[in-house]
Amino acid sequence: MKKTVANNVYWIGKSDWELRQFHGYEYSTNKGSTYNSYLIFEEKNVLIDTVFKPFSREYIENLSEEIELSKIDYIVCNHAEPDHSGALPDLMELIPQTPIYCTKNCIKSLQGHYHKNWNFIPVKTGDKLSLGNGKELIFIQAPMLHWPDSMFCYLSGDNILFSNDAFGQHYCSEPIFNDLVDQHELYSEAIKYYANILTPFSKLVTKKIEEIENLNLPVDYICPSHGIIWREEPLQIVRKYAEWADNYQQNQITVIYDTMYNGTRAIAESIVNGLTLADKNMTVKLYNAAKNDKNDIITEIFKSKAILIGCPTVNNGIMYSIAGLLEMVKGLKFQGKKAAAFGCYGWHDTSTKIIEDVLKESGFEIVSERLSAIWEPDSNFLDKCIDYGKQFVTVLNSSDFRKSRS
Ligand code: FEO
């Protein structure tokens, strides 16, 4: 069933309340997600994006109830990833000549996915498509937000920015507008989405925001391809993105560990005691990487000014959950954050070295020496861990102080 966005613009997507994992098992979607597709009825009728393949038939049935498919004049594909293009193969079987407006990279990607030579019309930033009634779609390339093929489009007259993945959230909701949902839930999902998907492209986010601002286009709605539509103060999410893209951090330290016989856990908890004793205003969070949602941990790292990661040595290496998390951390290219490594060992002190090396390679500044306990940490060692936590905060605060003076 379609839902009105504004005037002759409708949402015709799929709300996937059941979805719990996305990108395979890379991203947890505890509040489901939506695949937003939009239908514009003007003198020319336009379909913007489709839905994920498993919902293709349901989507086309719904779409057929709203418009005779042959009356779709143009299809716009803002991004070829299958969560948005998945219904195209079935749809194009029914309307094979309909032109698909998309970037050159999107054509490559669609051909790579579906091996079809549809009626592609390549577009670039500034190209326009007249829809009649004085309205036009203006195309704006947005490479890497989220893939090299991505683009936005802007509907003049109704002042709607269709931003595809950018400004989205994996958040399923019956009301489709930002002013009608729980704000805490909405922003929790929006920051998790930014932290886990867009962090590596922060410099491009900043540039794209500047570019859009310079276009001086009025924006009354931002319609992403996942989650709710921003209609009340739509630019609030653009301002948030500008903040998140600028080496974002709160006054927070996050400690992350895995443990076999609770030795590393005891070290982690003692470090947390030290951190807390040293600065009552610091938010300190502690996570066992094996027991917590990896994407929630990444979101906490994104919010942090510093992190400490620890695990025991196992097979001369590190534990599975920490290895997986560090791989994610490396790919996300966090900027301007500090770190340290800790752990336990029996025969070789290997784990802390591996963790420290990966953190360095991932762009973290190591501000404290590695902290390792041989065998089970005793009460003397745990006291040392408390002092280590206190010292970590001192180093952190003095480095913040130096930065503020420079
Ligand atoms: Fe929602 Fe990059 O696809």
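Good morning. I begin with Asn-397, which is placed in helix α12, residues 379–405. What I show is a predicted model. Asn-397 is partly exposed, with a relative accessible area of 29%. Leaving aside neighbours within four places in sequence, Asn-397 is in contact with Asp-279 and Met-282. Asn-397 and Asp-279 stand 118 residues apart in sequence, yet their C-alpha atoms are 9.3 Å apart in space.

Let me turn to the overall division of the chain. There are two domains, domain 1 (3–244) and domain 2 (252–400). Their C-alpha centres lie 39 Å apart. Domain 1 supplies 15 residues to the contact and domain 2 supplies 14. Between them the two domains bury about 1,100 Å², and 57% of that area is on carbon and sulfur atoms.

What polar features are counted between domain 1 and domain 2? There are seven residue pairs in polar contact, with both residues at pLDDT 80 or more. On the side of domain 1 that touches domain 2, β5 (27–28) and α5 are the elements giving two or more residues. The largest share of that side, five residues, comes from α5. The count of salt bridges between the domains is one.

I now consider a salt bridge formed by Lys-192 and Asp-296, in which the closest N and O atoms are 4.0 Å apart. Lys-192 counts as buried, at 3% relative accessibility, while Asp-296 is partly exposed, with a relative accessible area of 33%. Because Lys-192 lies in helix α5 and Asp-296 in helix α9, this pair ties together parts that are 104 residues apart in sequence.

Next comes Asn-295, also placed in helix α9, residues 294–303. Is Asn-295 buried or exposed? At 0% relative accessibility, Asn-295 counts as buried. Beyond residues up to four places away in sequence, Asn-295 touches Glu-26, Tyr-27, Ser-28, Lys-192, Asn-196 and Met-328.

The largest nonpolar core has 89 residues, and Leu-63 and Tyr-241 touch the most other members. Helix α5, residues 183–198, gives the most to this core, with eight residues. Domain 1 and domain 2 both give residues to the core, so it lies between them. A second, separate core has 26 residues, including Ile-48, Tyr-74, Leu-129 and Leu-155. As for Tyr-241, among the residues it touches are Phe-167, Tyr-193, Leu-198 and Ile-209.

Finally, I return to charged pairs. A search of the whole structure finds 23 salt bridges. In one of these, the side chains of Glu-58 and Lys-14 meet at 2.8 Å, N to O. Glu-58 lies in helix α1 (residues 56–66) and Lys-14 in strand β3 (residues 14–16), so the pair ties together parts 44 residues apart in sequence. Glu-58 is partly exposed, with a relative accessible area of 35%, whereas Lys-14 counts as buried at 19%; the cut-off for buried is under 20%.

Glu-356 and Lys-360 also form a salt bridge, at 3.7 Å, N to O. Both lie in helix α11 (residues 351–361), four residues apart, about one turn of the helix. Glu-356 is buried, with a relative accessible area of 10%, and Lys-360 is partly exposed at 47%. Salt bridges that share partners also join Glu-42, Lys-135 and Asp-158 into one network. Thank you.

Notes
Residues numbered from 1 in each chain as written. Predicted model: local features only at pLDDT ≥ 70, side-chain atom pairs only at ≥ 80, totals over all residues. Heavy atoms only, no water. Buried < 20%, exposed > 50% of the residue type's maximum accessible area, 1.4 Å probe, protein only. Contact = heavy atoms within 4.5 Å. Core = buried A, V, L, I, M, F, W, Y, C linked by side-chain atoms within 4.5 Å. Domains from an automatic or database assignment. Buried area = accessible area lost by both parts, 1.4 Å probe. Polar contact = N/O pair within 3.5 Å; in protein donor to acceptor, adjacent residues only side chain to side chain.
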